[in-house]
Amino acid sequence: MAVSPLSTADVFFAMLRRDMRVARREAPFFLLRTAMQPLLLMIIFGYLLPKIGMLRGNYTATLLPGVLAMSLALSAVQSVALPMVAQFGFSKEIEDRLLAPIPSHLVALELVVAGTIQGVLAGLFVLPCGRLIMGPIPGLELSNFGQILGIMILGGAAFSALGLFIGCAINAQQIGLMFSSIISPMIFFGCTYYPWSSLDRVPFMKWAVLINPLVYVAEGMRGALTPTAPHMDLFVVSVALSVLLLIFWQLGRQAFLKRAIG
Amino acid sequence: MLWPTRYRASYIFAMPAVIETRALRKVYPAPPSRRAQPRGGPQFAPPAPRHTPVGARVSGGIAALDSLDLSVRQGEFFGLLGPNGAGKTTTIGILTTRVRATSGDAIVAGANVRTEDVAVRRRIGVVPQRPNPDRGLNVIENLLFHGAYFGLSRALAEQRAMALLDQFDITDKAYAKVDDLSGGQQQRLMIARALLHEPNVIFLDEPTVGLDPQARHALWDLLRQLHADGRTIVMTTHYMEEADELCDRLAIIDHGKLLACDTPAKLKAQAPGQTLIDLTLSGDVAPAVERCRAVPGVTAVDATGVVLRAYSERGSEAIPALIHACEDAGCRVENINLSKPSLETLFISLTGRKLD
Ligand SMILES: Nc1ncnc2c1ncn2[C@@H]1O[C@H](COP(=O)(O)OP(=O)(O)OP(=O)(O)O)[C@@H](O)[C@H]1O
Ligand SMILES: [Mg+2]
C-alpha cells in the first residue's frame with residue numbers, strides 16, 4: 001500500500017507542526033495577549049519612573065529577568081490552557097487528534113511541547129524589547145545563552161504542563177475566575193518585581209512564596225541574565241523546576257486522559 | 001480469538017467478524033442531583049431538558065449500554081437504529097476507542113479497543129455526530145494534517161484531498177476557513193476527512209443529518225460505492241428509509257439493549273400485521289380514544305398529545321369509522337397518516353416511540 005510505515009514519532013511531529021502552524025497564524029494576537037502586560041510594565045517601571053526620577057539605581061536589572069519570566073510563564077500557560085478549554089468544552093476539535101494512531105498521553109505531551117516552544121519564543125521576543133525600552137541594563141550578560149535557554153525551557157515546560165492541567169480540569173465558565181484567582185497572585189508574589197533575597201525582611205513571605213513556581217523561573221532568569229545581581233542558586237532553581245514539571249505533568253496528563261476517554 | 005470457546009461457538013458466520021462485542025456495558029456517572037441546587041425562595045420548575053436521559057438509572061449512574069452483543073461481518077453495511085438516547089453514540093464511542101466501556105469487551109478490525117487502541121484507530125475512520133473540524137486550520141489543511149497523522153506522504157494526501165473535495169463538491173472552499181462553511185459543507189468535510197486515510201472500517205454517526213436531499217443522495221451513492229469496495233460500514237441513522245435502502249443488517253437498540261438485529265427484509269416481516277393510522281386532532285383527545293377503541297377492526301388505540309394512534313387489522317377500511325368516532329367525541333380531524341407494516345411500525349412496536 002502507498003501508506004508509508006507509520007511511526008509514533010511521525011504522528012507526534014505532525015501534530016507539533018499543526019500547533020506551530022496555528023501559532024504562527026495567531027502570533028500577533030498571541031503576542032498582544034501575552035506580551036502587552038510585560039511591555040507596559042517595562043515602559044512604566046523601566047523607562048518612565050526612572051526617567052522622572054521616582055525610581056533610582058539599577059532597578060531595570062531586577063525588572064528585566066522578572067518580566068521575562070512572567071511573559072514566558074503567561075504565554076506557556078495560556079497557549080495550552082485556553083485551547084484545551086475550547087477544544088474539550090465546545091468545539092471538540094481535539095477529537096481528530098485523539099483518533100490518530102498514537103497513544104493519547106502522547107497527544108498531551110505534544111501539547112506541552114508546543115506550549116513550551118511558544119513560551120520560549122515569547123520570552124525571546126520580550127528580551128530585546130526590554131533592552132530597547134529600558135536602555136542599557138547594568139550587569140546584563142548574554143554570554144551564558146545556554147543557561148538562559150535551559151531555564152526558559154524548564155520554566156516553559158513546567159508552566160505549559162500546568163496549563164494542561166488547568167485547561168483540562170476546569171470547565172469553560174471558570175476560566176476567567178482561574179486567571180484572577182491563580183495567575184494574578186502568582187505573578188504578584190512571583191519575585192518578578194523584586195529579587196527573592198530581598199524578602200529577608202519579611203521572613204514569612206520569603207518561605208511562603210516558595211510554593212510559587214514563577215519564583216524559580218524569575219530567579220533562574222536573574223541567575224542567567226544578570227549573574228552579578230542577587231539570585232537563587234541555579235542548581236536549586238533547576239531542581240525545583242524539574243520537580244514542579246514532573247508534578248504538573250502527572251496532574252495534567254491525568255486530567256487530559258479523563259477528558260479524552262469518556 | 002479472545003473469547004472463551006463456549007462463547008465463540010455461538011457465532012458462526014460465513015465471513016469473519018470485523019466487529020464483535022461481548023456484554024458491552026456503559027454506566028455514565030449520574031448528573032448532579034437536583035437537591036444539590038440552592039434551596040429557599042420560590043423555585044421555578046427547571047426547564048425540561050431536550051433529551052431527558054432515557055438510560056436506566058442504576059446505582060452510581062445511568063446505564064447507557066446494557067450488555068450489548070453485536071457482530072458485524074467484514075464488508076457488511078451495518079445500521080444502528082434507535083431513538084434519542086438509545087445508546088448509539090455511546091456504542092460508536094466504545095468501538096472507536098473514545099469511550100471506555102464499564103465492562104465487556106469489543107474487538108474492532110482484529111484489535112481490542114481497550115488494550116490495543118492505537119491499532120484500532122489506525123484501521124478506522126470516524127464521522128462524528130456533530131462536526132468537529134479543526135478550526136485553527138483551513139479546509140484543505142484539515143485534510144492534509146489528518147493525512148499526516150495517519151502517515152500519508154504529503155503528495156498522496158494532497159492528491160486524495162483534492163479528489164475528495166471534488167467528490168463532495170467543496171473544491172471552491174479548499175482554502176476557506178472552516179467557520180465559513182455551512183453546516184452541511186462541514187459535515188461533508190468530516191466525511192472526506194474520515195475517508196482520507198482509506199480506513200477498512202468506517203463509522204458514521206447520523207451522517208446525513210443536515211444534508212440537503214441532493215447531498216444526501218450523493219452520500220448514499222458514495223457509501224454504496226465504499227460498500228462495493230468491500231469496506232465495512234457502521235452507520236447510525238434516524239431515517240428508516242435510509243436504513244432500509246443502504247444497510248445489509250440493522251440493529252434496533254433502545255435503553256442500551258439490543259431489541260432486534262436482522263436484515264431489513266426479515267425485520268419488516270416481523271412487523272406487527274396491523275396498519276398504523278395516525279389522526280391529528282383538535283379538541284379533547286381522551287374521549288376520542290375511548291370511542292375509537294369501539295371501532296370494529298381496530299385492535300389498539302393510544303394517544304400522544306394531539307395525535308391519536310390506531311392499529312387497524314383491515315388497513316385503511318377503518319378510517320371512515322375512526323373519523324366518525326372522533327367527530328362524535330367532539331374532535332375535528334386535522335390530518336390523517338397511514339403507515340403500512342414497515343420498519344417504522346416495527347420500530348414503534350418495539351420501542352414504543354417514534355424516531356424523531
Ligand atoms: N458523557 C456523558 N455523560 C453522562 N451521560 C451520558 C453521556 N453521554 C451520553 N450519556 C447518556 O447515555 C445515554 C445514551 O446516550 P447516547 O448519546 O449514546 O444516545 P444516542 O443513541 O446517540 O442518542 P441521539 O439519537 O440523541 O444521538 C443517554 O441517556 C445519555 O443521556
Ligand atoms: Mg447520538
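Reader: How does Ala86(A) count by its relative accessibility?

Author: Buried means under 20% relative accessible area, exposed over 50%, and partly exposed in between, with a 1.4 Å probe and protein chains only. Ala86(A) counts as partly exposed because its relative accessibility is 22%. This is a predicted model, so local features need pLDDT of at least 70 and side-chain atom pairs count only at pLDDT 80 or more, while totals for chains, interfaces and linings use all residues. Residues are numbered from 1 along each chain as its sequence is written, chains are lettered from A and ligands numbered from 1 in the order in which they are written, and side-chain values use heavy atoms, with hydrogens and water left out.

Reader: How should I read a pocket?

Author: Rolling a probe the size of a water molecule over the atoms shows where empty space is left. On a 1 Å grid over the protein atoms alone, a pocket is an open set of points with protein on both sides within 12 Å along at least five of seven lines, whereas a cavity is a set where a 1.4 Å probe fits but cannot get out; lining residues have an atom within 4 Å of a point. Grid points are joined across faces, edges and corners, and a volume is the space filled by probe spheres set on the points. Here the second largest pocket holds about 690 Å³ of space.

Reader: Which element gives the most to the lining of the second largest pocket, and which residues lie nearest its centre?

Author: α3(A) gives the most, with ten residues. In chain A, α1 (8-25), α2 (27-51), α3 (59-91) and α5 (104-134) each supply at least two residues of this lining. There are 33 lining residues, and those nearest the centre are Arg18(A), Val22(A), Glu26(A), Pro83(A) and Gly136(B). For classes, Ala, Val, Leu, Ile, Met, Phe, Trp, Tyr, Cys and Pro count as nonpolar, Asp, Glu, Lys and Arg as charged, and the others, Gly among them, as polar. The lining has 15 nonpolar, eight polar and ten charged residues.

Reader: Which polar atoms come close enough to ligand 1 to count as contacts?

Author: A polar contact is a pair of N or O atoms within 3.5 Å; within protein, one must be able to donate a hydrogen and the other to accept it, and residues adjacent in sequence count only if both atoms are side-chain atoms. An oxygen atom of ligand 1 lies 2.6 Å from a side-chain N or O atom of Thr89(B). Gln129(B) places a polar side-chain atom 2.8 Å from an oxygen atom of the ligand, and a polar backbone atom of Gly87(B) is 2.9 Å from a ligand oxygen. The protein buries 72% of the 640 Å² that ligand 1 exposes when taken alone, an area from the Shrake-Rupley method with a 1.4 Å probe, where for residues only the protein chains shown count as cover.

Reader: Is His146(B) buried or exposed, and which side chain of chain A does it contact?

Author: His146(B) counts as buried because its relative accessibility is 5%. This residue is part of helix α4 (residues 139-149) of chain B. Its side chain makes a polar contact of 2.8 Å with the side chain of Asp96(A). A polar atom of the His146(B) side chain also lies 3.2 Å from the backbone oxygen of Arg193(B).

Reader: Where does Pro83(B) lie, and is it buried or exposed?

Author: Pro83(B) lies in the loop between β5 (77-81) and α2 of chain B. With 2% relative accessibility, Pro83(B) counts as buried. Pro83(B) and Thr351(B) are 268 residues apart in sequence, with their C-alpha atoms 8.0 Å apart in space.

Definitions and conventions
Helix = DSSP H or I, 4+ residues; strand = E, 2+ residues; numbered from the N terminus.
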